[in-house]
Amino acid sequence: MFSGEFISLLKESVGEKRAAAVLEALGGDASVSIRLNPSKLRECPFEGAEEVPWSPWGYILGERPNFTLDPLFHAGAYYVQDSSAMMVGELFRRVLDGVEPGVNVLDLCAAPGGKSTDLAASARERFGDAFSLLSNEVMQKRFCILRDNLDSWGDPRTAVISRDPSAFGSHPLFDIVLADVPCSGEGMFRKDSRAVEEWSEDTVRFCAARTRRILLQSWGALREGGFLIYSTCTFNHYENDDTVAWIASELGASVFDAGDIPGVERTLHGHIMLPGLVPGEGQYAAVLRKNGERDSSRRGDALAFPGARCTEPLSPDAPRVELSREDALRYLHGDVLRLGADAPIGPVTLCFKGLALGPGKNLGTRCNNLYPKAKRIRMDIR
């Protein structure tokens, strides 16, 4: 299944004992986990879930439910995210100890939005409205997914934008930049067979070179004294510790010690999670601090970045009407609804368990379904 080239590089990068555990785990099934949106839901809706040690809102599920048929999922009450990826959010929360309210955050390669929603929840818990998060994705198809996911999450201090990373290099606006860079995807092997087929050491070296080019072009976006959180979903040293060392020496930064994370192994410059040693698919992350002293008088607001589109939460200013689970699924499917006789006439916000799903227009005899066509459930809901 795996090439000798991959096995050799894996052993070189993580050691023979860890490599053996990884190879055995990659032959099994992927785990399933979610992370709650603490602004909407504080208790896990699935029975038997186990808490993720490095996330205050993360849960590992015993089996994979049909998320498409859960109205809470569509309401942005939780995000389906690999538990290993949640480690980046924990590093972000530790970095927040070194910044002040009013922090500007850039998620440079943000789609599909899992890490952005984690950053938004963490910043809101720490600072309330005193933060801004700009989430960027250069590929238009992936940008649309990012936009929809952040709209569902519903934090008004977030915005999305689609720019080449180089567009940020002349705007030293950001106190924290997350660069979850495109990588060779070794941490996707259990979920995507194409990742296995497309892997080669040449691809690894190409990804490492591309990452350095992205960081070189966007480095100017990070203010002096600001923090870079660098992450990949891969295991090899070229894209991980070697690249962190390059950032420090060539771009002007120092590796920041974020401390130990329970259940997470440390590398020379960062933290790594490996399948077989943790339930998830794997993640590498490190924190660096840009050389220089921060000037708090020149902050600005990231949401005012040219071309940024602010999040549109699912709570329009209209009377709220609670739906049963059956009617909520019919609404999400795009069907016409008939509301109760006591429902107000005119524009309404249709809700499930108190959480907004989207708009409708009640005519009395029926309620016109205004849920966006592109987001509607296409499968059989019966």
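Author: Happy to! Two strands count as paired if DSSP finds at least two bridges between them. Please keep in mind that this is a predicted model.

With that in hand, here is the sheet: it is open, has four strands in the order β2-β3-β1-β4, and its pairing is antiparallel. At the edges stand β2 (50-51) and β4 (78-80); each has a single partner strand, so one side of each is left without a neighbour in the sheet. In general, the strands of a sheet pair through backbone hydrogen bonds, either parallel or antiparallel.

Now look at one pair inside that order. Strand β1 (residues 32-36) and strand β3 (residues 58-61) run antiparallel and are joined by four bridges.

Helix α4 (residues 86-95) packs with helix α5 (residues 114-127) at an angle of about 30°, and their axes are 9 Å apart. Angles under 35 degrees count as roughly parallel, and α4 and α5 are therefore roughly parallel to each other. Their crossing is right-handed. On the α4 side, the contact is made by M86, V88, G89, F92 and R93, while α5 brings K115, D118, L119, S122, A123 and R126.

One last stop is S218, in helix α8 (residues 201-218). S218 is buried, with a relative accessible area of 8%. Its side chain reaches the backbone oxygen of I214 at 2.8 Å. Leaving aside neighbours within four places in sequence, S218 is in contact with L108, P165 and G169.

Conventions: Residues are numbered from 1 along each chain as its sequence is written. This is a predicted model: local features need pLDDT of at least 70, side-chain atom pairs count only at pLDDT 80 or more; totals for chains, interfaces and linings use all residues. Side-chain values use heavy atoms; hydrogens and water are left out. Helices (H or I, at least four residues) and strands (E, at least two) are DSSP runs, numbered from the N terminus. Buried means under 20% relative accessible area, exposed over 50%, partly exposed in between (1.4 Å probe, protein chains only). A polar contact is a pair of N or O atoms within 3.5 Å; within protein, one must be able to donate a hydrogen and the other to accept it, and residues adjacent in sequence count only if both atoms are side-chain atoms. Contact means heavy atoms within 4.5 Å. Axes are lines fitted to C-alpha atoms, for helices over the stretch in contact, and angles run from 0 to 180 degrees between N-to-C directions. Angles under 35 degrees count as roughly parallel, over 145 as roughly antiparallel, 65 to 115 as roughly perpendicular and the rest as oblique. A crossing is left-handed if the near helix is turned anticlockwise from the far one by less than a right angle, and right-handed if clockwise.
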